[in-house]
Amino acid sequence: MDFGSGTGLLLSQIATHVGEITAVDISASMNGVLQSKMNAIDCKLQILELDLTKETLNTKFDSIISSMTIHHIENLQEIFKKFYSLLNDNGTIAIADLDKEDGSFHTEDTGVFHYGFDRNEFLSIAENTGFRHLKIQTASIMDKPTGNYPVFLLTGEK
Ligand SMILES: C[S@@+](CC[C@H](N)C(=O)[O-])C[C@H]1O[C@@H](n2cnc3c(N)ncnc32)[C@H](O)[C@@H]1O
């Protein structure tokens, strides 16, 4: 599952490595753009329009990936618990998001609950949820006119 899949930038890179992806996004317009690219995505793709903080799914996944979405989620502990419950045993997470920033990353703050994260705190929440073999590392640095914004990648296993 790609949580907060948007227009599919991340999942289109992952598609060649897996059999099937479930794209979950609250936004009809994002899902519409992804739908229009469906033929270019190299695996089976299911697109679901839902708010994972309020609803859930009856399926279990082998892996949950997410890029640049968690800073839009208010309650981190709850979303990690949701991820945990949606994974098969030994299922994995790979979650990328911003390091703490001064609020300049977004030009408008609508739907932004966190100006990035402290890596140690982020990892502790995943650990408290029950995830193991956790590792956090720098995935990339986003270069914008307002500054350079490091992006971390947290990986772990149920
Ligand atoms: C910054 S975009 C990232 C999109 C994509 N992962 C990428 O890296 O290009 C964040 C996405 O999360 C989605 N989103 C925010 N809150 C959500 C929620 N509660 N449930 C599902 N999707 C959500 C938004 O609609 C948006 O498409």
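Here is a short chat about a predicted model of a protein.

Q: Hi! How many helices and strands are there in the protein?
A: Hello! The protein has four helices and seven strands.

Q: And in what order do the elements run from the N terminus?
A: Starting at the N terminus, the order is β-α-β-α-β-β-α-β-α-β-β.

Q: Nice. What does the C-alpha trace span along its principal axes?
A: The span is about 40 × 35 × 30 Å.

Q: How does the radius of gyration of the protein sit with that of a compact globule?
A: They agree: a compact globule with 158 residues would have a radius of gyration near 15 Å, and the protein has 15 Å.

Q: What share of the residues is buried?
A: Buried residues make up 27% of the 158 in the protein.

Q: Let's zoom in on helix H3. Which of its residues are buried?
A: Helix H3 covers residues 76-86, and its buried residues are Ile 79, Phe 80, Lys 82, Phe 83 and Leu 86.

Q: Where do those sit around the axis?
A: They are on the same side of H3, because they cover an arc of only 155 degrees around the axis.

Q: What about the face turned away from the buried side, which exposed residues does it carry?
A: That face carries Gln 77 and Ser 85, which are exposed.

Q: And what covers the buried residues of H3?
A: The cover includes strand E4 (61-67), strand E5 (87-98) and helix H4 (119-129).

Q: Last one, on contacts: of those with a separation of 6 or more, what share is between residues 24 or more positions apart?
A: Such pairs account for 61% of those contacts in the protein.

Terms used: Residues numbered from 1 in each chain as written. Predicted model: local features only at pLDDT ≥ 70, side-chain atom pairs only at ≥ 80, totals over all residues. Buried ≥ 20, exposed ≤ 12 C-beta atoms within 10 Å, placed from the backbone. Helix = DSSP H or I, 4+ residues; strand = E, 2+ residues; numbered from the N terminus. Arc of directions from axis to C-beta. Contact = placed C-beta atoms within 7 Å. Rg over C-alpha atoms; globule rule 2.2 N^0.38 Å.
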